[in-house]
Amino acid sequence: MRIEELIRAEVMDMVGYTPIEPLDILSKQTKVSTDNIVKLDGNENLYGCSPKVNVALGKYPYFNIYPDPEQRVLRLALEKYTGFNSQQIVCGSGSDDLIDLILRLFINPGDKVINCPPTFGMYPFSTRICGGEVINISRDRDFNLDIRGIIKAMDDRTKVIFLASPNNPTGNCVSIEEITELLDTEKIVVVDEAYVDFSNNSMAGMIFKYNNMIVLRTFSKWAGLAGLRIGYGLFPTEIVRYLMKIKQPYNANVAAQTAVLASLEDIEYLRNNITKIIIERERLFSKLKEIQWLNTYPSSANFILCSVQKDANIVVNGSSELNKGPLARQVWYQMRMKGVFIRYFDTPGLENFIRITVGRPEDTDRVVKALTEVVKNV
Ligand SMILES: *Cc1c(COP(=O)(O)O)cnc(C)c1O
């Protein structure tokens, strides 16, 4: 029996998502101890989570009991935090879970989803798993959206459009005029605000005016809870009814729920870390600007995107094949051997780009030092 014949064709054909690896695996791969690793490849929060999270998890007595399928306590806490009614809120196992859930709600096989690369890889990934067709409308050289192109590409099969603001990995935001134009097309417009806390530029207010507007948020980045997997969406109430119906009943686990409640009790501490990251972003930006062989893009998020210039003279260390090929990958490889982890891209529109997460001042110092060491002196 050939199992492959039973597997859905779109799954057989699709390329997988390129995830990042956790600390212990990176440490094993590179023989750099976890304490010495500077992990700036996942846009995680280098300040960690609130210490109140650790206390709350240590004291939580009911790990043996399933979580509330209605997420009542959590949604009420988020009602207080966001100013949206709990009837407009759904939580998921990370906002990745909500991306998948939204697509499962709206996409019939062959329906179209508009994606604006370079952007977050989960949108095309989840679309394909749901049997949808990804329509890529690329951004321009400065990573601005092609609104005319998006609208022109829409037809009766177009259901959903995804936009991240600030966008990952480019760091720029969508404007209110652009969003309005897209909302007026009456397709479902998902604005992914995973990094909004580093930009203060939320579009969520539009939900009150448009019943086709969805905003996604996460605790992974600003609150340092990436490992616990918890995000939420703000929706028109009529969409929430159906999402609550089709979601996995226990998709927000009790550890994550407990961590969110503790985080919301420690907002001042977390906001202070956000402020530090924003200050550090500007310091890292000016340091990167000084590096001749990089072209650095401004960012409203907790990472910075750079392109590696074609004449960059990268050192060769060791005999790996990774000393050849795309320059950005060579930079990534040389940095990695020093225990400094960044992300590199080699996809259309992002050939020879690297993305560096903004960490603490000491992380900036390490990454800048490593960058200066990976080029040969000329
Ligand atoms: C990190 C990220 C997310 C994923 O958030 P999770 O809540 O950890 O699933 C969503 N969207 C964008 C644009 C991201 O960069």
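Author: Before we look around, one definition: a polar contact is a pair of N or O atoms within 3.5 Å. Also, keep in mind that this is a predicted model.

Reader: Ok, so how far is a backbone N or O atom of Asp96 from an oxygen atom of the ligand?

Author: That distance is 3.0 Å. With a limit of 3.5 Å, the pair therefore counts as a polar contact.

Reader: And what about a backbone N or O atom of Ser95?

Author: Ser95 also uses a backbone N or O atom, which lies 2.6 Å from an oxygen atom of the ligand. Lys221 uses its side chain instead: a polar atom there is 3.2 Å from an oxygen atom of the ligand.

Reader: How much of the ligand does the protein bury?

Author: The ligand taken alone exposes 380 Å², and the protein buries 94% of that.

Reader: Which residues around the ligand come nearest?

Author: There are 13 residues around the ligand, and the nearest are Asp192, Tyr195, Thr218, Ser220 and Lys221.

Reader: Switching to sheets. What's the strand order in the open sheet of seven strands?

Author: The order is E2-E8-E7-E6-E5-E3-E4, and the pairing is mixed. Strands E2 (89–92) and E4 (133–136) are at the edges with a single partner strand each, so one side of each has no neighbour in the sheet. From one strand to the next, the twist averages 25°.

Reader: Do E5 and E6 run parallel or antiparallel?

Author: Parallel, with five bridges joining E5 to strand E6 (residues 188–192). Within that pair, Ile161 stands opposite Val189 in E6.

Reader: Which strands does helix H4 touch?

Author: H4 (residues 72–82) packs on this sheet and touches E2, E7 (213–218) and E8 (231–234), its direction making about 120° with that of E2. Helix H6 (residues 122–129) lies across E3, E4, E5 and E6, at about 150° to E4.

Reader: And the open sheet of four strands, what's its order?

Author: E9-E10-E13-E12, with antiparallel pairing. Its edge strands are E9 (294–296) and E12 (343–345), each pairing on one side only. Neighbouring strands here are turned by 30° against each other on average, ignoring direction.

Reader: How many bridges join E12 to E13?

Author: Three, and strand E13 covers residues 353–357. Tyr344 is the residue opposite Ile354 in E13. Helix H11 (residues 267–289) packs on the sheet too, touching E9, E10 (303–308) and E13, at about 10° to the direction of E10. Helix H12 (residues 327–337) lies across E10, E12 and E13, running at about 165° to E12.

Reader: New topic! How many salt bridges does the structure hold?

Author: It holds 20. One of them joins Asp111 and Arg157, with the closest N and O atoms 2.9 Å apart.

Reader: Why does that pair tie together parts that are apart in sequence?

Author: Because Asp111 sits in the loop between helix H5 (95–106) and strand E3 (112–115), while Arg157 sits in the loop between helix H7 (147–153) and strand E5 (158–164); the parts they tie together are 46 residues apart in sequence.

Reader: Last one: where are peptide bonds cis?

Author: One joins Pro117 and Pro118, with omega about 0°, and Pro118 lies in the loop between E3 and H6. Another runs from Ser165 to Pro166, with omega near -5°. Pro166 is in the loop between E5 and helix H8 (176–183).

Note on methods
Residues numbered from 1 in each chain as written. Predicted model: local features only at pLDDT ≥ 70, side-chain atom pairs only at ≥ 80, totals over all residues. Heavy atoms only, no water. Pairing = 2+ DSSP bridges. Helix = DSSP H or I, 4+ residues; strand = E, 2+ residues; numbered from the N terminus. Axes fitted to C-alpha atoms, helices over the stretch in contact; angles between N-to-C directions. Contact = heavy atoms within 4.5 Å. Near = heavy atom within 4 Å. Polar contact = N/O pair within 3.5 Å; in protein donor to acceptor, adjacent residues only side chain to side chain. Areas by Shrake-Rupley, 256 points an atom, 1.4 Å probe, with all protein chains shown as cover. Salt bridge = Lys/Arg side-chain N within 4 Å of Asp/Glu carboxyl O.
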